[in-house]
Structure formats: C-alpha cells, structure tokens
Amino acid sequence: MALPMMPKATAVWLVENTALTFEQIADFCSMHLLEVSAIADGEVAAGILGLDPVANGQLMREEIERCTHDPKARLVLNAPREQQPAARRGARYIPVSKRADKPDAIAWLLHNDAELSDADISRLLGTTKTTINAVRERTHWNSANINPRDPVALGLCSQNDLNEVITRAAAKARPKEKPPPKEKPPPKEKSPPKEKSPPKEKSPPAASGTAGT
C-alpha cells in the first residue's frame, strides 16, 4: 500500500484539521491507532508541523468529506502525477551549490521520519553515515547553524524518491507474523509400577551352647 509523504506530519494535519476517526487516519498513514491517539493528546509529535495532503495533491477535499460522513470508509491516496524513476545504484549526485543544505535535510529526516535508517538517508541525499551521525549527535562542525528543512523543498530529492524510501522503511518496520506454534504430541501413558514381592521371612537364629543339667 502506498503511503503519503511524511506520514507522521500528515497524520498531525489530519488530526488537527479534519473530523476523521483515529482509525481512518491510522490506516491512511500506516500508523498504530494508539500513536494517532497520542498525537491528538499532544503526547507524540508535539514539535512536528502538520503537512497538508490536499495542498500537495495527495488527497482531494472530496475524499476527506466522503470519509468524514462514513466512518467505515477509508481514504484513498491520489495516484502520483510523476512517473516513478528507474531504480538507481549508488549514491545520488547532488550539485555543489546544494551540498551545504544536506545537514538541514538530514536533521529534518531524523526528526520527522525516525523509521529511516542511516543507509536510507545516505542513499536518498547522497551523504555519508559519518555526516548523519554527526548531525544526530550534534557534533557536526556547523551544528549551531543547522535548521531542519524539507529535502524536497531544498531540491535534494524528489517527492517520489522520498515516498519510495519511506514506504520501504515502513514495510521493514512492520513485525512479521509468527507461525502458529506446533502442537505438542500427547504425553505417553506410563505403565503402572511393578508390584514388589513381599520380603522373605528370616529363619530364627540357632540356639547357642548345650542345655545345663
């Protein structure tokens, strides 16, 4: 199932701006129901800015209204307008003029899409795991000036590439269903214990000596 871009930010917007049920939002954003409920209570994603899926063309306003009137209905993501690019091998090439924006984009992804691995971010932005870890640990030489910004808005990747990476990471994060445990065979019936034979009677001891006169 295709996911909206930045599912958590999209869920924040849907919670704050629609009357959709938590189940509908959780299903659309591929999130746990309790996580959506925590967003509504302000316990999760407090610092995440909501992302409007209508403004970016992922949802039609009519689709939201349809599901608002029918709690059992489920939101349907709009088909992407751009054709999915062919799969690439190796790191992405980033123009020299945009490379200074990479730390900002890394910080954005670490904050908004925690399910992405360092390898995912590295391939998406054409950066190194060392740089990613430096941004995460705030040991980057320019940490004081890093400002989390959307990598799509910065032109470091396309929306389709970002959606593809998030979808793949979400699929990996889902727990695999464990096979049902094998039934144990019934225990074998134990044979009754053998009856012990009664102990043999001891013969009386022989009289010692001879009788006196």
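From the N terminus on, the elements of the protein run α-α-α-α-α-α-α-α-α. That comes to nine helices and zero strands, where helices (H or I, at least four residues) and strands (E, at least two) are DSSP runs numbered from the N terminus. This is a predicted model, in which local features need pLDDT of at least 70, side-chain atom pairs count only at pLDDT 80 or more, and totals for chains, interfaces and linings use all residues. Residues are numbered from 1 along each chain as its sequence is written, and side-chain values use heavy atoms, with hydrogens and water left out.

Of the 213 residues in the protein, 35% are buried; buried means under 20% relative accessible area, exposed over 50%, and partly exposed in between (1.4 Å probe, protein chains only). Helix 5, residues 102-112, is mostly covered, with nine of its eleven residues buried. Among them are Pro-103, Ile-106, Trp-108 and Leu-109. The buried residues of helix 5 pack against the helices in this table.

| Helix | Residues |
|---|---|
| Helix 1 | 7-17 |
| Helix 6 | 118-125 |
| Helix 7 | 129-137 |
| Helix 8 | 151-154 |
| Helix 9 | 159-173 |

Contact means heavy atoms within 4.5 Å. Among contacts between residues at least 6 apart in sequence, 66% join residues at least 24 apart.

Helix 2 (residues 22-29) and helix 3 (residues 33-40) pack at an angle of about 115 degrees, their axes 9 Å apart. Axes are lines fitted to C-alpha atoms, for helices over the stretch in contact, and angles run from 0 to 180 degrees between N-to-C directions. Phe-22, Glu-23, Ile-25 and Ala-26 in helix 2 meet Leu-33, Val-36, Ser-37 and Ala-40 in helix 3.
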